[in-house]
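My plan is to begin with one residue and then to step back to the whole chain.

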Amino acid sequence: RQVDVDLFGSVFGTDGATQLHRVAGASARLHTLFSGYVPVSLGYQFSWRFDDGLPPLHLVTFSL
């Protein structure tokens, strides 16, 4: 019934702004009704962390 798509990004500094941390990503969420009565949401989010040497982050969600 409904699909939400979001893009996001953030930049912040620590230690007097000498160390920057940047992240960017996207998320998608599907909202529907199962059998016409039970609300179900499925979602996926991906984010890329540029400065910390960390791998990309994937998040899958399911809710009733």
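In which loop does proline 55 lie? I found proline 55 in the loop between strand E3 (38–49) and strand E4 (57–63), where strands are DSSP runs of E with at least two residues, numbered from the N terminus. I note that this is a predicted model, in which local features need pLDDT of at least 70, side-chain atom pairs count only at pLDDT 80 or more, and totals for chains, interfaces and linings use all residues. Residues are numbered from 1 along each chain as its sequence is written, and side-chain values use heavy atoms, with hydrogens and water left out.

Stepping back, I counted four strands and zero helices (a helix would be a DSSP run of H or I with at least four residues), and the pattern along the sequence reads β-β-β-β.

For the overall form, I noted that the C-alpha atoms fill a box of roughly 55 × 15 × 15 Å along the principal axes. Buried residues make up 11% of the 64 residues. Of the contacts (heavy atoms within 4.5 Å) with a separation of 6 or more, 30% are accounted for by residues 24 or more positions apart.

Conventions:
Buried means under 20% relative accessible area, exposed over 50%, partly exposed in between (1.4 Å probe, protein chains only).
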